[in-house]
Amino acid sequence: MNLNTYGTVIGINKEFSRIAVKLHDGDISVMGVDELSNFAINHVLYGRLNQATKQLIFNKTVKTDHYINIEATGCNFETAYSFLFSI
């Protein structure tokens, strides 16, 4: 079973180095990223984006790998916004 999924960056919090990613199934995941400058709105990411864990993902738009920490997954817009901007 392939657990990888893809999603599109829909939100960025520069202060806390977090991004929100809308997954292909419509859910949203919020994650802390290693280097925020490597992400922008509409970048396409690939990996296990629906599992709350630290892991390596692939930014397909700029063709780079990144370590991320998924802090929340399965979110709707309101919940994702809350995680994106909470301390």
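## Terms and basis of the model

Two strands are said to pair if DSSP finds at least two bridges between them, and the strands themselves are DSSP runs (E, at least two residues), numbered from the N terminus, as are helices (H or I, at least four residues). In this sense strand S1 and strand S4 (residues 44-47) are joined by 4 bridges and run antiparallel.

The model is a predicted one, in which local features need pLDDT of at least 70 and side-chain atom pairs count only at pLDDT 80 or more, while totals for chains, interfaces and linings use all residues. Residues are numbered from 1 along each chain as its sequence is written, and side-chain values use heavy atoms, with hydrogens and water left out.

## The barrel

The strands of this structure form a barrel: 6 strands close in the order S1-S2-S3-S6-S5-S4, and their pairing is antiparallel. Neighbouring strands of this sheet are turned by 45° against each other on average, direction ignored, where axes are lines fitted to C-alpha atoms, for helices over the stretch in contact, and angles run from 0 to 180 degrees between N-to-C directions. Helix H1 (residues 77-85) packs on the sheet and touches strand S1 (5-13), strand S2 (18-23), strand S3 (28-33) and S6, its direction making about 125° with that of S6; contact here means heavy atoms within 4.5 Å.

## Strand pairs and hairpins

Strands of a sheet pair through backbone hydrogen bonds, either parallel or antiparallel. S1 and S2 pair in the antiparallel sense over 6 bridges, and within this pair Gly-11 stands opposite Ala-20 in S2. The two strands form a hairpin with 4 residues between them, and Ser-17 in the turn has a positive phi of about 50°.

Strand S5 (residues 54-59) is joined to strand S6 (residues 64-75) by 6 bridges, again in an antiparallel arrangement. Leu-56 has Tyr-67 in S6 as its bridge partner, and Phe-58 stands opposite Asp-65 in S6. This hairpin of S5 and S6 also has 4 residues between the strands, with Lys-63 taking a positive phi near 55°. On another side of S6, the antiparallel pairing with S3 runs over 5 bridges, and Met-31 has Ile-70 in S6 as its bridge partner.

Thr-8 lies in strand S1 and stands opposite Val-44 in S4. At 26% relative accessibility Thr-8 counts as partly exposed, a class that falls between buried, under 20% relative accessible area, and exposed, over 50% (1.4 Å probe, protein chains only). Leaving aside neighbours within four places in sequence, Thr-8 is in contact with Ala-20, Val-21, Lys-22, Asn-42, His-43 and Val-44. Thr-8 and Asn-59 are 51 residues apart in sequence, and their C-alpha atoms are 9.7 Å apart in space.

## Arg-18 and the salt bridge

The structure holds 1 salt bridge, a term that requires a side-chain nitrogen of Lys or Arg within 4 Å of a carboxyl oxygen of Asp or Glu. Glu-71 forms this salt bridge with Arg-18, the closest N and O atoms being 2.7 Å apart. Because Glu-71 lies in strand S6 and Arg-18 in strand S2, the pair ties together parts that are 53 residues apart in sequence. Side chains of opposite charge can pair when their charged atoms come close.

With a relative accessible area of 10%, Arg-18 is buried, whereas Glu-71 is partly exposed at 32%. The side chain of Arg-18 also reaches the backbone oxygen of Phe-83 at 3.2 Å.

## The nonpolar cores

A nonpolar core is a set of buried Ala, Val, Leu, Ile, Met, Phe, Trp, Tyr and Cys residues joined through side-chain atoms within 4.5 Å. Of the 13 residues in the largest such core, Ile-19, Val-21, Met-31, Val-33, Leu-45 and Leu-49 touch the most other members. S2, S3 and S6 each supply at least two residues of this core, and its largest share, 3 residues, comes from S2.

Not counting residues up to four places away in sequence, Leu-45 touches Thr-5, Tyr-6, Gly-7, Val-9, Ile-19, Val-21, Phe-39, Ile-57, Phe-58 and Asn-59. A second, separate core of 7 residues includes Ile-28, Ala-72, Ala-80 and Leu-84. In soluble globular proteins, nonpolar side chains tend to be buried together.

Note on methods. A polar contact is a pair of N or O atoms within 3.5 Å; within protein, one must be able to donate a hydrogen and the other to accept it, and residues adjacent in sequence count only if both atoms are side-chain atoms.
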